[in-house]
Amino acid sequence: MAEAIQKKLKVEVEKYAQMQKEVSKSMSARQKLETQLTENNIVKEELDLLDSSNTVYKLIGPVLVKQDLDEAKATVAKRLEYINGEIQRYETLLKDMEKKSEQHREVLSSLQQEFQKAQACLRV
């Protein structure tokens with residue numbers, strides 16, 4: 001009986017470890033998005049300071065290409081919208097993962113208790 005519980009416990013520990021890796025990856029991706037959001041907000045602020053007499057250039061590969069100010073503002077606005085949407089998606093994903101992680105912790109805890117009881121029974 002103790003061996004069966006030990007096998008279950010091992011499987012659950014592996015599942016839990018895998019979930020923690022996924023949480024870590026998601027948090028890392030979310031942090032990247034936060035950085036991109038900050039950078040794009042700075043670009044938006046800088047573009048808002050310009051008027052139509054200023055020249056805006058866009059970096060495409062190694063070349064700077066002249067771009068319309070309104071087009072540049074629209075591109076940055078779309079990018080900000082996309083990044084905010086992705087951040088929301090990761091927030092939801094992380095909350096779901098946290099719930100699943102909590103469930104795994106509970107299962108692990110109960111299995112550990114069962115295993116300890118089974119070992120205590122074997123010693124008697």
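What follows is a short briefing on the fold, the hairpin, the helix pair and the database annotation.

The model is a predicted one, and the protein in it contains two helices and two strands. Read along the sequence, these elements come in the order α-β-β-α.

**Overall dimensions**

- Along its principal axes, the C-alpha trace of the protein spans about 90 × 25 × 15 Å.
- The radius of gyration of the protein is 26 Å, whereas a compact globule of 124 residues would have a value near 14 Å.

**The strand hairpin**

- Strand E1, covering residues 56-60, and strand E2, covering residues 63-67, run antiparallel and are joined by five bridges.
- E1 and E2 make up a hairpin that leaves two residues between the strands, and in this turn glycine 61 has a positive phi of about 65 degrees.
- Within the pairing, tyrosine 57 stands opposite lysine 66 in E2, while lysine 58 has valine 65 of E2 as its bridge partner.

**The helix pair**

- Helix H1, made up of residues 2-48, packs with helix H2, made up of residues 69-123, at an angle of about 160 degrees, and their axes lie 7 Å apart.
- Because angles over 145 degrees count as roughly antiparallel, H1 is roughly antiparallel to H2.
- The residues of the contact of H1 with H2 divide into 29 nonpolar, ten polar and 15 charged.
- The crossing in which H1 passes H2 is left-handed.

**The annotated spans**

- An unreviewed UniProt entry places the feature "coiled-coil region" at residues 2-36 and at residues 80-114.
- In the model, residues 2-36 are 100% helix and 0% strand, with the end C-alpha atoms of the span lying 51 Å apart.
- For residues 80-114, the end C-alpha atoms likewise lie 51 Å apart, and this span is also 100% helix and 0% strand.

Technical notes: Residues numbered from 1 in each chain as written. Predicted model: local features only at pLDDT ≥ 70, side-chain atom pairs only at ≥ 80, totals over all residues. Heavy atoms only, no water. UniProt positions renumbered as here; feature names shortened; annotations may be inferred. Helix = DSSP H or I, 4+ residues; strand = E, 2+ residues; numbered from the N terminus. Pairing = 2+ DSSP bridges. Axes fitted to C-alpha atoms, helices over the stretch in contact; angles between N-to-C directions. Parallel < 35°, antiparallel > 145°, perpendicular 65-115°, else oblique. Left-handed = near helix turned anticlockwise from the far one by under 90°. Nonpolar A, V, L, I, M, F, W, Y, C, P; charged D, E, K, R; others polar. Rg over C-alpha atoms; globule rule 2.2 N^0.38 Å.
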